Structure formats: C-alpha cells, structure tokens
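Please look through the sequence and the structure below before reading on. The report that follows describes how parts of the model are arranged.

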Amino acid sequence: MGYTYSNLNANLSNLVESKYSGGYGFGASLTGEYAIRKPVFLKTAVSFLQKNYTFRRTGSRLGWYTKYYNDFLSIPFLVGVTVLSSADKSQGVWLKIAGGTYIEYLMRLQRKGQYIALTENRYKKVSETYDFKKNENMLNRLGYGLQGQLSLGYSFKKWTLYGTSNYQYGLSDISMANTNKNMQKTIQSYMIAAGTSYQFN
Amino acid sequence: MYVKLYKKAAFVLGVLLAILIFNACELDDKYPITAPEQYTKNDVKSYADLFKVFWTVMNQRYSYFYEQKRKDGKDWDAIYNEYYPKFSALKTFGRSTDDKNEIDTDKVKALHYFIDIINPIIDRHFFVKIKVPLNRYQYGIFRFRGGMKEQHANSYMFSSKLGYIKNYLGNDTICQKYTAIPGVKNSNRSITYLMGSVKKNPDIYYLTYDSFSLYLSDLTKFMSSKFLNENNQNELGLRTRNIENNLLLERITDLTVRENVKVLTRDIQSKWEAFTIAPELNVFRTQCRQFRATEIVSDDLLEAARSAVINYDELPAYNEEATYATVLTPESRLYIDWFISEMGQYIGNERNINDFEKAVTAVIERAPFYQNLLNPLHKGTIKKLILDLRSNGGGAVKDLQFFIERLVTKSTIWSYERTKEGNGRFDYTPWIPQKTKPHELGGIPSNIPIAILTDNYSASMSEITVLLLKSQGNHVVSIGDYTYGATASITPNPADFNGGIVGSVADNWFYFYMPFSAVKDVNGEIIEGIGIKPDIYVAPPTDAEVTQMENAPDTFVDRVMEAAVNHLSSK
C-alpha cells in the first residue's frame, strides 16, 4: 500500500494559459513473485491505483480547473533480478529491480472542478462521476504501458517487509478518438509503497 | 551473513529502466500544434490546404462533436478521409495558367463539398465564410452554415407585428425605440419594444421586442456618476479670482470691453455654479438615490428629472461663440477661449455634466418601460403576461439579469452547459448546471401565468428565456412553433473557454463564427439544431397570412396570439 503521484502528458501548445499538473493518490497491490532461476524472477500483481491529475487555467484565467480522480485496476507483468541479497536464503536484506509492461482498466473517474457559469456570471463548483455509458469524452478505459520497479526489503524467514518504488509510463492514449500522435494524451505515474509478503516454497 | 551482488543482471535491467525513465521525461510539447489564430495565407496554397485548415480549426474548437456523431453517424476523421482526397484532386487553386472553365468547375465542386460537410453541423449559431478562387485574379467569399439546406417556416416578422399587434392592445399601448446613449436616435445598439394590455382581457399584459437589448433600458448605470455625489456639490472648480486677476483679461486694452467681458463671464460662471447646487438638482439626486435602492421610477423622480432639465436648458451656452457676440473682439478672444476651456474643464470633468445630461435624459426616455412594465410586475399589478419572442433572434446575455430574472421566483436548474477543455476533439468539461436566480430588487412577488410566443426564428437568447422561465413551473407555457435551435454561447474571447472562434483565420481565407459551448436542457436533451417544442403548437403562418399581416394589418388574425389570450384567460 502506498501513495501515487501521476500526471497527464498532453500537448497543449495551441491553448492559452492551460496546463495539466500532477496529483497524489492512493495505491494498493496484491503481488505474486516467482523465482525462475536465481537471481531472475517473474512478478505480477493486481493493483488498485489512483492516477490523479488536474487541468487548470493559469495567469489571467486562473480560477477554472478540473481535478481528475482516476481509479485504475492495473496488472503488471515484470521480470526482475535480485541485485543484492543475503547469503542466508531465508533471512536478511535484499534489493530487487524489475521492469516490464502493464495493462490497466479505468474503473471509475470522478471529476471535480470549478467553471464559469456564464449566465450566472460567476464561478461554480461541479462534481460528477463520469458516465462511461455515454462516454462523451470518448475515453479509453483500457490502457497499457511500461513499468519499472525498485524494491528494498528484509526477510525474516517466511515473512518479508519491504518498500518499493514504482514507475508507470503510459503508452496508450486516454482518448479512443484521437488519431494525431502529436495530440496523444498518456498518463505517467509514480508510486511509493510499503508492504509485507509471505514466501511459499 | 554477507551480501551477494548480481552485477551483470542488475546492469542490464538498470539500463532498461534508465531508458524508460529518460523517455518519460521528454518534453511534452515537442511538436507545437498550430492554433487557428496562427494560420497565415502561406498555409493555404491549394484546395487541399483550404480544407485542411477548415477541418483542423473545427477539430480543435467545435463543441458538439459528440452529439454530431450521434446524429449523423459520421465522425470528423471520416470526413477527413472522405474529403481530403476530393479537395486534393482540385488542382486549379492559385494557378494562373488554367482556363476559366476549369477554375469554375473546381470552384463549384469545392462549394458542394463544403456544403455537404457543413450542412449537417448541428450548431445553429455556427457559420463560416470561406474565400474561394473565382478566376485567375479574383476570389469570392461564400457563407456556409449548419442546416443551410433546410427550409424554414414562415415567421411573424417584428416589423409586421408592429403593424397589426396594436389592434390587439388597449389605449395604454407604448412603442419605443432608444439607443445606448440617451437622447441619441441612431446607433448600432438599439432596442424597439411594443407593449400594452390586451383589449380582450386587460388582465393580460403583452410585450414584444426586436432583440435582447432590453438592458439598454437599465437606468441604474446612469445613476451612479460623480455628478450625483453629494460630497462634490460645493466644490468650486472655476474660482472667481481666476476671472478677477486673469492676465488675459488684463491684456484687453479697451476698458469697457474688459469690464463687459468680465461681467459676462462671471455671470455665466455663477449661473452654472448656482445650477449645480440648485434645489431642483438636490431633489433629483435624492430621487436617484431612492431609485438605486428600489429600482422604482416614481412620478417624483420623473418630475425631478424634468424640472432639472428645464433649469439646465435655461443655462447660458458657455461653449458657443454666439454667447459672447457682444463682447467678442480680437483682444478679448484669448480670454474668452481660456474661459470656455476652463468652463469645459469645470463643467465637464469636475461636475460631470455629461453624466447629468445622460441621467436626466435616460430617466425621461426610459421611464415608460419602468412605469408600465417593470414596476407593475414588481408590484404585482400585472396579473398575466404574454412575452412575444417570435422572430426574436437573440442578443445579450445580460438581459437575463436585467429583465428575465424579474419573472423568476425560485432558484432552479434550467439547463446545463459545457465547454472544451483540453486539446482533444472530445475533451469537454463536465456539464455545468445553470441556475435561475430571482431578481434582487425588481422581481415579481409571486408566479403569474406567462405565455411565451415562439416561432422558427426565435433563437439564442429567446430559447434561453423559454428554457429558463419554463423551469419555474407549469404557469409558464410556450405557444407557437418550434424555436430555431441555437442555444450555445458565443464570445469574442474564445481563449477564455478553449473552444469556439469568432474572427478571421489564415489572413482572411476564413471567417469563423463558432460558439464555445454546448447546451442541453434540464431533462438532459440537446436542443441544438432541433429547437424547443412548444407546449401548445400552433402552425406557422401560411404565405397568404404573411402577405396579409404585411399588407392588411387591420384585419389580420394572429392565431398564436389568439391561442395565448385564450390560454391565459382560462387561468
């Protein structure tokens, strides 16, 4: 379990005083690891990841913003190596790095923002859960990308405590309607987590 | 215990991870996207370019692509794939060697292509003017809009209504036209309205106007000038000593002329000074303060304005040469010019006499609108209302605050609006609820039956008004034909909303008029390009009726008006 930090890569060069900025969220994973041949292992997980970011107007147009709260179910497929390990197989400190790919599914999107209500001549706060049935913004719920991971842990025989740093680089466009690569929008996300694991022989 | 290091494996995986992270940190805006405003004539060298710029501007700024796709099934990429090759096949663009027939054939094809693409556009405010080659040296400008192939029903044109509606109204009928500047008859911003109680049923009051410019009637903006500020009233701008010891006056060698000109200018100055502190003006100031607090144009305010004007008109015209005719000599001219200039400074800048002129003129000119409509509505003496928006194509949003909110008694959601946000074709904000708000000072005390008359030319703010007032309850009904179906908002500053565009593109190859938003009604239905279905449908006028309403207004029977009177009489 840990914290995530995500942002949207988007080219807004033709828009005035507009930017995406990163946002923090929560993440949790149930991980499985299988040692192929020391020090190489395969790793997968079922992860719940919040990938949040904010669109906002800046400068003279400050005041309009949309906060995107994306709840993803993410499944990575990683191959890794144990870089450092104790000679005692069952006990001691270890350091692992892993890399690979992931697929994800956008389970829920909540948007909270502030906008100008023109006929009321004032800013107004709006909060909504995105309707994927209508999917007016033509969002792509399925995504994929590359993932890298660095983990440091300490094993006590069967049990292990560890901390991990995760990085996901989205390759898929969040929009299913975009055909212009220069206008592609992808999410990148970091996660720092701590966990515990149990070793089955 | 010791630690074991797997060097080779760690190195390989580490390098891969480093590449991944490095790539991720690349700058996002590697290839800048051209905004519509950045296109120049150099971007339009062929029909294919002409189409591509048009397509791209729409792609970036149009707000109804989602609804558009649902309606005609074609997405914007399909349009590109279909028409780009067609436009590319037109080769005569900008070439001086082609003969006229070839150029003409290409032009006709290009126009047809644009009509085919633009006709299905559902946004009814939208239009684009496109420059197309006519021959080797000349270009034509052609206007395209959504629904341009559609036939529209006949309308109750405003000019015709002015003729025959008076037959339906009583002796209290008022028809006025005024502009943004009180007292000025001709201006590009004006409002014409017609109103009065209905002969058949005097409980029903009728109002129609040519556009949503009723805000021009707003007196509050004329009532807050410095001139009306009490703290300013005893300030002496042009002091007597400036006249007494004036060097220019001393230079007049003819002592009689010197004395006469001194007496005359002191007299002019003192009359103006006296006017600024005259009791009539104080009464006017007091009445203005009361108006600001109540928005009621009382008879006392009107009388005070009239009295002040009478006094004002009697003042000597300090800035006219004729006033000084008896003392004007070559020697005295310098002094008189100085005096006129000083008076101008004093009267104009320090006493804000222009604001005073505007205020009194506005009160006198606009009082009938307040005294016969706004104030009785607020007082509750108007029991039923016909709001005739037929052939009213819309206007300014500020009319909502100035007038429509006076008919609102409760705060309710009446529509939803969204704008573009990011760069994608479908990057929209959430739907933003638009709520009604009762008028702060001049609203109706309780709901009254209201019939809104609509036809196929009731557009934009007329439709906003229908949606807004119908959100108040069943006491509001719309009668007539479907409205036009143009509900999205326009702004001259589309950058404020990341959508829409109003202005030239590519050095006048295009002129776009594109709203920045999309609107749906309170039930979530998009009415853009469809119009609002009336509660009571009355078929539009036939050709014979149109002729009759224009040529024989005295005998013309307005079926919509009849239906509205019957409906309201039953309430």
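## A residue between two chains

Leaving aside its neighbours within four places in sequence, B:Glu421 is in contact with A:Phe55, A:Thr66, B:Asp427, B:Tyr428, B:Thr429 and B:Asn498, where two residues are in contact if their C-beta atoms, placed from the backbone, lie within 7 Å. This is a predicted model, in which local features need pLDDT of at least 70 and side-chain atom pairs count only at pLDDT 80 or more, while totals for chains, interfaces and linings use all residues. Residues are numbered from 1 along each chain as its sequence is written, and chains are lettered from A and ligands numbered from 1 in the order in which they are written.

B:Glu421 is found in the loop between β8 and β9 (432-435) of chain B; helices (H or I, at least four residues) and strands (E, at least two) are DSSP runs, numbered from the N terminus. Is B:Glu421 buried or exposed? B:Glu421 is buried, because 25 other C-beta atoms lie within 10 Å; a residue is buried if 20 or more other C-beta atoms lie within 10 Å of its own, exposed if 12 or fewer, and partly exposed in between, with C-beta atoms placed from the backbone.

On the scale of whole chains, 52 residues of chain A are in contact with 46 residues of chain B. The side of chain A that touches chain B takes at least two residues from each of several strands, including β3 (40-57) and β4 (65-86) of chain A. Its residues divide into 23 nonpolar, 21 polar and 8 charged, where Ala, Val, Leu, Ile, Met, Phe, Trp, Tyr, Cys and Pro count as nonpolar, Asp, Glu, Lys and Arg as charged, and the others, Gly among them, as polar.

## Domains and cores of chain B

| Domain of chain B | Residues |
|---|---|
| domain 1 | 36-145 |
| domain 2 | 158-218 + 365-408 + 443-487 + 527-569 |
| domain 3 | 226-351 |

The C-alpha centres of domain 1 and domain 2 of chain B lie 39 Å apart, and 6 residues of domain 1 of chain B are in contact with 7 residues of domain 2 of chain B.

A nonpolar core is a set of buried Ala, Val, Leu, Ile, Met, Phe, Trp, Tyr and Cys residues joined through C-beta atoms within 7 Å. The largest such core has 93 residues, and those touching the most other members include B:Leu207 and B:Ile450. Helix α13 (residues 353-379) of chain B gives the most to this core, with 12 residues, and the core draws at least three residues from each of domain 2 and domain 3 of chain B.

Not counting residues up to four places away in sequence, B:Ile450 touches B:Leu385, B:Leu387, B:Leu407, B:Leu469, B:His475 and B:Val476. One of these, B:Leu469, is also among the buried residues of α15(B). All 10 of the 10 residues of helix α15 (residues 461-470) of chain B are buried, so this helix is largely enclosed by the rest of the structure. What covers the buried residues of α15(B) includes α14 (398-402), β10 (450-454) and β11 (476-480) of chain B.

Definitions and conventions: Domain bounds come from an automatic or database domain assignment.
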